[in-house]
Amino acid sequence: QVQLVESGGGLVQAGGSLRLSCTASGRTFSTYAMGWFRQAPGKGRYFVAAISRSAGATSYADSVKGRFTISRDNAKNTVYLQMNSLKLEDTAIYYCAADLVPFYRDDYTTSRAESYDHWGQGTQVTVSS
């Protein structure tokens with residue numbers, strides 16, 4: 001079992017930046033591929049970015065490519081989402097998620113929410129004009 005706690009959300013003006021963090025406790029962090037998802041008011045939960053166990057592979061939603069960067073520090077049990085050039089439409093609750101992955105799938109990432117085994121409680125990001 002792993003517990004995930006997000007932080008770093010807040011209110012920012014359009015064009016600004018935020019860095020989200022997600023810290024894991026419990027089972028070995030490096031056995032999980034990690035992902036970020038977001039949910040805007042009245043909408044479903046959508047994929048944002050993912051990173052493999054070893055950080056050798058990353059993937060992004062088209063809407064955030066070139067603006068967001070996912071990274072991880074396995075020594076600190078933490079995954080990050082650096083968000084630059086924020087837009088009004090980035091306003092949402094952001095969730096991190098953990099997907100337990102076998103050792104032989106070191107570069108595995110997925111955008112499918114149903115693949116993730118554990119979820120954090122979310123952190124609110126609000127972008128204002």
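So, Cys 96: this one is buried, with a relative accessible area of 0%, and buried here means under 20% relative accessible area, with exposed over 50% and partly exposed in between, using a 1.4 Å probe and protein chains only. Keep in mind that this is a predicted model, where local features need pLDDT of at least 70, side-chain atom pairs count only at pLDDT 80 or more, and totals for chains, interfaces and linings use all residues. Residues are numbered from 1 along each chain as its sequence is written, and side-chain values use heavy atoms, with hydrogens and water left out.

What does Cys 96 form with Cys 22? A disulfide, with the sulfur atoms 1.9 Å apart; the cut-off for the term is a pair of cysteine sulfur atoms within 2.5 Å. The two cysteines sit in distant parts of the chain, 74 residues apart, with Cys 22 in strand E3 (residues 18-26) and Cys 96 in strand E9 (residues 92-100).

Two strands pair here if DSSP finds at least two bridges between them. E3 pairs with strand E1 (residues 2-7) in the antiparallel sense over six bridges, and Leu 4 has Ala 24 of E3 as its bridge partner. E3 also pairs with strand E8 (residues 78-83), antiparallel, over six bridges.

Put together, you get an open sheet of four strands in the order E1-E3-E8-E7, with antiparallel pairing. Its edge strands are E1 and E7 (68-73), each pairing on one side only. Neighbouring strands in this sheet are turned by 15° against each other on average, direction ignored; the axes are lines fitted to C-alpha atoms, for helices over the stretch in contact, and angles run from 0 to 180 degrees between N-to-C directions.

Next, the core. Which residues have the most contacts inside the largest nonpolar core? They are Met 34, Trp 36, Leu 81, Met 83 and Tyr 94, in a core of 34 residues. A nonpolar core is a set of buried Ala, Val, Leu, Ile, Met, Phe, Trp, Tyr and Cys residues joined through side-chain atoms within 4.5 Å. Strands that each supply at least two residues include E4 (32-39), E5 (45-51) and E11 (123-128).

Now the rings. Phe, Tyr and Trp rings (for Trp, the six-membered one) pair if their centres lie within 6.5 Å; planes under 30 degrees apart are stacked, over 60 edge-to-face, and the rest tilted. That rule gives five aromatic pairs. Phe 37 and Tyr 116 make an edge-to-face one, 5.2 Å centre to centre with 80° between the planes. Phe 37 lies in E4 and Tyr 116 in the loop between E9 and E10 (118-119), so this pair ties together parts that are 79 residues apart in sequence. Both Phe 37 and Tyr 116 are buried. Ring pairs also link Phe 37, Phe 47, Tyr 116 and Trp 119 into a cluster.

Phe 103 and Tyr 104 have ring centres 5.4 Å apart and planes at 85°, so that pair is edge-to-face. Buried or exposed, these two? Phe 103 and Tyr 104 are both exposed.
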